[in-house]
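The sequence and structure are shown below.

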Amino acid sequence: MTSHHTIDTGPAGAGAGAGVPLGAVDAGSGLVRFMEMDFELGPNVLAPREETELLGKVCVEHLAHGVAEPVVIDMCCGSGNLGIAIARNIEGARVYACDLTPETVEVARRNVGRFSLGDRVTVVQGDLFENIRNQGLEGMVDMVVCNPPYISSGRLTADRAHLLEHEPREAFDGGPYGIAIHQRLIYDALDFLRPGGALAFEFGEGQERQTLALVTRTAGYSSARFVFDVSGVPRAALCLKR
């Protein structure tokens, strides 16, 4: 069921279990560069990581060989970096970006404005898919992409506690085993994807077996492949709906 693919995103950073934030454009700007674009952040918004560029490039590559004007959901959108990168690289793509907190949604909307994409990128506040249901998207979506929280709650009070000094718990806390959001995502995405539509998401180091088990258990996906970083570590998955 699983095939393998590697994308080179440059040298791997230390501490990849939590991800290494990409560097700010300059000390005073507060902007972070992601896939050759400069994004605004906020005090309660996750800074994009190197491995998320890996996920973004895989999504763009997949959509470039797919249907014209694809419909995309960017779940757990953060600053909007993934959905905006897709809209900028895929002509005519229509993106629905969703996140839980009002602070994050506000930053994502400002970034949509920065890139003049208000006609193609809609930002919605809600718990995963709850506020985009019954909008005519069920069974019509070409891709769901997500960079979910994937660090266990216990580690955030132990060796990963430093992550919470400057960034929100919601961006990291994946529940007792680090896969609570993945469980919901993998099941709920099936309601929205068209047959052959793709679910693409990031996961933590060492979570590939759990990830594959979740995908297999749904019986809703015909194939899945892992995407490896330059160190040979699987960090993302791309699954196709039956």
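## Thr 101

Thr 101 is buried, with a relative accessible area of 16% (buried means under 20% relative accessible area, exposed over 50% and partly exposed in between, using a 1.4 Å probe and protein chains only). Thr 101 lies in the loop between strand 5 (94–99) and helix 3 (102–114); helices (H or I, at least four residues) and strands (E, at least two) are DSSP runs numbered from the N terminus. Its side chain and that of Thr 104 are joined by a polar contact of 2.7 Å. A polar contact is a pair of N or O atoms within 3.5 Å; within protein, one must be able to donate a hydrogen and the other to accept it, and residues adjacent in sequence count only if both atoms are side-chain atoms.

## Basis of the model

This is a predicted model, in which local features need pLDDT of at least 70 and side-chain atom pairs count only at pLDDT 80 or more, while totals for chains, interfaces and linings use all residues. Residues are numbered from 1 along each chain as its sequence is written, and side-chain values use heavy atoms, leaving out hydrogens and water.

## Strand 5

Five of the six residues of strand 5 are buried, so this strand is largely enclosed by the rest of the structure. Strand 5 runs parallel to strand 4, and five bridges join the two (strands pair if DSSP finds at least two bridges between them). Asp 74 has Ala 97 of strand 5 as its bridge partner.

## Asn 147

Asn 147 sits in the loop between strand 7 (141–146) and helix 4 (180–192). Asn 147 is buried, at a relative accessible area of 15%. Its side chain makes a polar contact of 3.3 Å with the side chain of Thr 52. Leaving aside residues up to four places away in sequence, Asn 147 touches Leu 46, Thr 52, Met 75, Cys 76, Leu 82 and Glu 202; contact means heavy atoms within 4.5 Å.

## Helix 1 and helix 2

Thr 52 also belongs to the contact between helix 1 and helix 2, among whose other members are Leu 55, Gly 56, Leu 82 and Ala 85. The contact residues divide into seven nonpolar, four polar and no charged.

## Helix 4

Buried residues of helix 4 include Ile 181, His 182, Leu 185 and Phe 192. The buried residues of this helix pack against strand 4 (71–75), strand 7, strand 8 (193–202), helix 5 (208–218), strand 9 (221–228) and strand 10 (234–241).

Terms used. Nonpolar A, V, L, I, M, F, W, Y, C, P; charged D, E, K, R; others polar.
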